[in-house]
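Q: I'm new to this one and would like to learn how to read it. Could you take me through some features, step by step?

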Amino acid sequence: MTPASTNASRQLLPVVPLAALFLAAFVLPLAALVAISLFRNPQSAELSLLQYLRFLSDPFSIKVLSDTLWLGAEVALATLVLSYPLALVYVASGPFMRTLITFLIMLPLLTSTVVRTFAWIVILGRDGIVNSAMLSLGLWQSPARLLYTWEGMVLALTQIQLPLMALPVINSLLRLDGNLTRAAEGLGASRVRIFLTVVLPLTLPGAIAGWLLVFAAAATAFITQTLVGGGRIILMPSYIYQQAVGVQDWPFAAALSLIFTLAVTGIVFAIGALSRRFVRGVDAA
Amino acid sequence: MRLSRRSLLTSGSAALVTAGLGWPRSSRAATSIVATTYPGSFDEAFRSVVGPAFKKASDSSVTFTPLLGVDQIGKIQASRNAPPFDVVLFDEGPLIPAIASGVLEKFPVEQSKSYADIPSAFRHPDGYAPVITCQLIGIAYNPKKITTPPTSWEDLWKPEYKGRVGITGLGSSLGTAFMVEIAKLNGGSETNIEPAFEAIKKLLPNVGAIAASPGALAALFQQGEIDIAFNFWNNVALLAAKGVDIAFAKPKSGAVVIRTSAQIVKNNQDPKLVLDYLDTVMSVDTQKGIEAAPWVMMPTNAKVPLTGANLTVAKSVDDLVANNVLLDWTKFQSLRGEWITRFSKEVKI
């Protein structure tokens with residue numbers, strides 16, 4: 001062995017445990033999932049693409065997938081809209097306020113998802129805080145249904161996933177060169193114009209990173225979807241659970257899992273690639 | 001010492017229990033088995049009553065693992081030679097595929113001490129372990145909001161309950177039994193579910209929430225989301241004991257009985273101990289324990305008299321069998337998968 005190759009293998013040595021773990025805990029189960037999804041039915045191991053054809057020919061399954069992806073997109077958009085004002089306040093604040101805002105943003109991350117979700121059940125329920133307040137103020141005649149609705153689910157997920165968006169947006173705002181906004185201001189641009197033409201384009205990488213994180217997290221949030229959405233809203237995570245555990249149709253559940261994984265990662269990669277091109281364009285300009 | 005996943009699991013949990021409860025080491029049991037329970041009231045009752053009774057009867061310990069019936073089959077199949085449990089709990093529906101998958105062992109009738117006390121309706125026709133408790137399905141309602149107690153399943157369709165009825169899908173024994181019973185009452189049968197789907201569509205204006213599971217359905221009463229729903233008797237009784245505004249009405253066509261059995265897993269670690277455990281669960285003393293408040297689980301040992309709240313739904317174990325509805329799950333268990341998916345597609349509010 002040449003000294004160079006010995007050196008290379010010595011450098012690779014520490015990677016081996018990690019690679020083995022990755023292979024055992026990720027690649028092998030994923031390969032098993034692919035294999036199971038190719039079974040014709042739960043009883044026999046005869047191979048076919050039947051499960052994928054079943055999905056493609058079933059409008060219900062396609063609607064469940066599109067609803068789930070749409071939920072992710074909606075929540076990501078809502079967190080984005082909330083994050084900018086929050087980030088602008090943060091940047092404009094002094095050290096004490098910054099610490100306080102950071103603490104408030106981090107607080108939900110330090111609480112379990114189940115606890116945060118149950119808090120939303122208490123807030124949105126028929127006898128919950130919102131309904132009681134509205135009824136006692138005489139604004140509503142009867143309690144509104146807020147829990148087990150699409151809007152309730154988007155609201156709860158937006159609060160739960162907000163830190164994933166707020167932190168990258170704040171980070172990119174902090175790195176924004178203050179001279180640029182001051183120059184725009186000096187040249188007479190309005191605040192809205194400065195935000196739209198200077199701040200937003202230059203902080204876009206952070207916003208996109210946050211958008212992708214929230215999108216993936218909200219689309220796959222089994223606990224919140226099940227508890228706040230209830231049994232009437234069927235989304236991919238609960239659909240996969242139902243097919244695997246309730247119906248015991250593992251091949252179809254495996255196919256659903258792979259389709260869902262591909263759809264989410266596909267969107268994440270596509271938006272990532274698009275944004276890189278777009279952001280490069282901004283840099284050049 | 002042979003280190004298997006199971007021995008690690010049991011010794012691990014035993015160590016945790018010992019550390020947590022501060023048991024003196026000398027009294028720690030020499031041997032131990034693992035049994036499943038259902039999450040919630042079942043688990044609480046088994047830990048409080050069955051665990052201590054087994055320890056007293058055999059000087060051995062049992063580790064309880066709360067799991068849903070359907071989750072158990074997969075876990076045993078994944079490790080047939082060293083299954084993670086020795087005794088598993090099944091409702092009569094999921095028991096059918098579990099038997100078919102070949103992971104269960106028959107019950108050694110001639111060696112059992114308690115078997116003679118179990119009525120024939122609770123013995124398995126093919127020789128598997130007998131039923132240890134029943135869950136009764138009737139109408140749960142909020143007595144503060146519904147002052148006239150409901151008397152039949154048809155009451156759920158009454159227009160005054162608009163937006164106040166709760167239902168759950170066919171993923172559980174609860175939802176499945178309700179749908180089959182509704183089908184039967186509307187001219188269908190255990191294999192013809194069509195009339196139930198038609199009836200449930202007419203029920204939709206009344207439906208306030210579709211719960212993801214029976215547990216979630218019970219929780220909806222606590223949150224005030226619903227005022228009336230089909231539900232399990234012992235869940236209702238436990239909630240009522242905890243001060244929730246909930247009462248139980250037995251429909252005039254009879255409550256639907258779900259028979260739950262504890263089954264022996266093949267390749268279990270100690271067949272003698274497993275039989276001791278089953279005998280303990282079926283024994284008069286243990287059954288009296290789980291029958292008493294706050295558990296109010298239905299006993300299946302004919303020598304156990306019904307007391308307290310249980311007397312409001314049946315006079316005795318024999319009366320329970322004679323005057324309520326027993327479904328033949330072998331006829332429709334294979335159709336359930338299709339029904340579950342159909343329910344998700346068609347039942348929307």
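Q: Is A87(A) buried or exposed?
A: A87(A) has a relative accessibility of 0%, so this residue counts as buried. Buried means under 20% relative accessible area, exposed means over 50%, and partly exposed is in between (1.4 Å probe, protein chains only). A87(A) is found in helix 4 of chain A. Helices (H or I, at least four residues) and strands (E, at least two) are DSSP runs, numbered from the N terminus.

Q: What does A87(A) touch?
A: Leaving out residues up to four places away in sequence, A87(A) touches V169(A), I170(A) and L173(A). Contact here means heavy atoms within 4.5 Å. As for L38(A), 49 residues apart from A87(A) along the chain, the two C-alpha atoms are separated by 47 Å.

Q: Before we go on, how should I treat the model and its labels?
A: This is a predicted model, where local features need pLDDT of at least 70 and side-chain atom pairs count only at pLDDT 80 or more, while totals for chains, interfaces and linings use all residues. Residues are numbered from 1 along each chain as its sequence is written, chains are lettered from A and ligands numbered from 1 in the order in which they are written, and side-chain values use heavy atoms, with hydrogens and water left out.

Q: How do I read two helices that pack together?
A: Two packed helices are described by the angle between their axes and the distance between the axes. Axes are lines fitted to C-alpha atoms, for helices over the stretch in contact, and angles run from 0 to 180 degrees between N-to-C directions. Angles under 35 degrees count as roughly parallel, over 145 as roughly antiparallel, 65 to 115 as roughly perpendicular and the rest as oblique.

Take helix 4 (residues 59-92) of chain A and helix 12 (residues 236-246) of chain A: they pack at about 140°, with axes 9 Å apart. The two helices are therefore oblique to each other. Helix 4 of chain A brings F60(A), S61(A), V64(A), L65(A) and T68(A) to the contact, and helix 12 of chain A brings M236(A), P237(A) and Y239(A).

Q: What classes of residue make up the contact of helix 4 of chain A with helix 12 of chain A?
A: That contact has 6 nonpolar, 2 polar and no charged residues. Ala, Val, Leu, Ile, Met, Phe, Trp, Tyr, Cys and Pro count as nonpolar, Asp, Glu, Lys and Arg as charged, and the others, Gly among them, as polar.

Q: At what angle do helix 9 and helix 10 of chain A pack?
A: Helix 9 (residues 178-186) and helix 10 (residues 191-219) of chain A pack at about 150°, their axes 10 Å apart. That makes helix 9 of chain A roughly antiparallel to helix 10 of chain A. From helix 9 of chain A, L180(A), T181(A), A184(A) and E185(A) meet R191(A), I194(A), V198(A), V199(A) and L202(A) of helix 10 of chain A. By class, the residues of this contact divide into 6 nonpolar, 1 polar and 2 charged.

Q: And how do helix 5 and helix 6 of chain B cross?
A: Helix 5 (residues 173-185) and helix 6 (residues 194-203) of chain B cross at roughly 100°, and their axes come within 7 Å. That makes helix 5 of chain B roughly perpendicular to helix 6 of chain B. F178(B), M179(B), I182(B) and A183(B) of helix 5 of chain B meet P195(B), A196(B), F197(B), A199(B) and I200(B) of helix 6 of chain B. This contact has 9 nonpolar, no polar and no charged residues.

Q: Which residues touch the most other members of the largest nonpolar core?
A: A nonpolar core is a set of buried Ala, Val, Leu, Ile, Met, Phe, Trp, Tyr and Cys residues joined through side-chain atoms within 4.5 Å. In the largest one, of 109 residues, L136(B), I137(B), I167(B), Y277(B) and L278(B) touch the most other members. Strand 5 (residues 131-141) of chain B gives the most to this core, with 8 residues. A second, separate core of 51 residues includes Y90(A), M153(A), A218(A) and L235(A).
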